Amino acid sequence: MKRFEYYQPRTLDEAYGYMERFQGRAKYVAGGTDVIIRLKQRAIKLDALVSLTGVSGLSGIRVKGDLTLGGMTLLRDIERSDLIKKHYPALHQAVWVLANPQVRNVATIGGNLCNAAPSADCAPPLLVMEASVRVEGPEGKREVPVDTFFRGPGATVLKPGEILKAITIPRLQEGTGSAFIKMGRVSQDIAKINAAALVVMDGDVCVRCRLAAGAVAPVPMRLKRCESLVEGKRVDLRLLAEVADAASKEVRPITDVRSTEEYRRQVAGVLIKRALGDALAHWGTPFTFTVFDIPADWRYDKDSHPS
Ligand SMILES: Cc1cc2nc3c(=O)[nH]c(=O)nc-3n(C[C@H](O)[C@H](O)[C@H](O)COP(=O)(O)OP(=O)(O)OC[C@H]3O[C@@H](n4cnc5c(N)ncnc54)[C@H](O)[C@@H]3O)c2cc1C
């Protein structure tokens, strides 16, 4: 690995200063579980890493109507938050199956988004909850919906020096249920495909539906055509099958080392159907995993959660 400088600024201005000094030859580092590996693999060459761990005000979980997660919040802290487990199950499930405890102890939610992998597990839950990110940089502050944050594999709308300061999830409406499902080659691996669903129910009618999937396009994507199939309807098994079929058509996967395009299309449909069923089950409708035709060994098991 090429030698590089390492800086640990205490303030945002100091951090911007280092990025300015190295003119594109430096990167921020949070937990380092993506960026250090890419350096070791020589996938990127840098003269400096600028750590965000010493900058105050970048981490923490706060609720004031909306939920705010600091960009430097550890995945482990999100996993251990009772509030997130209870009220934001899609996000909790995504973090729960992300990598392993060693990684989650150092990796951050901001790093997961800024790394911009199409398979990033935190992206689909944040997409269905219509989260936005607060970005701050040398030129000022701005708010970016997660839906427009990703530009392609490894690319985001962040400008040089900008920092993802926080993620805001709007207050959930009454009657909301949500869920996340992931399929990987083995446990701890990144997703072959992942999916999240959010429903807002009024009686037995779904008044709001949000669906998203990862590793099925250059960026994690909302499935807006599928959402419109569900909104305003009573959800039954026939509609779930229709949504699965539509999801297979709406995704834009490629063939790579983890899966073929055809396989991803098929499984994306099934995962979206299951995530939607789980979101409904979470809210209180009688759908359960067991009505679906997927092996149960990779499903989210609420009972196995640590207390
Ligand atoms: C063994 C292993 C298993 C893994 N499994 C999974 C998995 O199952 N699912 C999954 O989604 N990921 C997985 N990952 C990838 C990784 O752990 C996550 O993406 C993690 O959330 C990255 O966070 P980090 O803090 O380590 O980011 P870093 O590596 O520190 O940074 C990643 C990128 O984001 C930038 N960055 C970080 N924070 C900020 C910020 N606040 N503002 C601006 N830029 C920033 C950095 O400059 C860098 O380009 C795995 C990694 C390993 C090593």
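## Ligand shell, domains and sheet: worked exercises

In this predicted model, 31 residues surround the ligand, the closest being A30, G31, G111, N112 and C114. A residue counts as near a molecule or strand if its C-beta atom, placed from the backbone, lies within 6 Å of it. Residues are numbered from 1 along each chain as its sequence is written. Local features need pLDDT of at least 70 and side-chain atom pairs count only at pLDDT 80 or more, while totals for chains, interfaces and linings use all residues.

### Exercise 1
Describe the shell around the ligand by element and by class.

**Solution.** 
1. Find the elements. β2 (26–29), α2 (35–40), α7 (109–114) and β10 (163–169) each give two or more residues to the shell. Helices (H or I, at least four residues) and strands (E, at least two) are DSSP runs, numbered from the N terminus.
2. Find the largest share. α7 supplies it, with 4 residues.
3. Sort by class. The shell holds 18 nonpolar, 10 polar and 3 charged residues. Here Ala, Val, Leu, Ile, Met, Phe, Trp, Tyr, Cys and Pro are nonpolar, Asp, Glu, Lys and Arg charged, and the others, Gly among them, polar.

### Exercise 2

**Solution.** 
1. List the domains. They are domain 1 (5–51), domain 2 (61–169) and domain 3 (176–298); the bounds come from an automatic or database domain assignment.
2. Look at the domain pair. The C-alpha centres of domain 1 and domain 2 lie 19 Å apart. In contact are 12 residues of domain 1 and 14 residues of domain 2 (C-beta atoms, placed from the backbone, within 7 Å).
3. Take the domain 1 side. Helix α1 (residues 12–22) gives the largest share, 5 residues. By class, this side has 6 nonpolar, 4 polar and 2 charged residues.

### Exercise 3
Work out the strand order of the open sheet of 3 strands, and its edges.

**Solution.** 
1. Order the strands. The order is β1-β3-β2, with parallel pairing. Two strands pair if DSSP finds at least two bridges between them.
2. Find the edges. β1 (5–7) and β2 each have a single partner strand, so one side of each is left without a neighbour in the sheet.
3. Check one pair. β2 and strand β3 (residues 48–51) are joined by 4 bridges. A26 stands opposite A48 in β3.

Terms used: Two residues are in contact if their C-beta atoms, placed from the backbone, lie within 7 Å.
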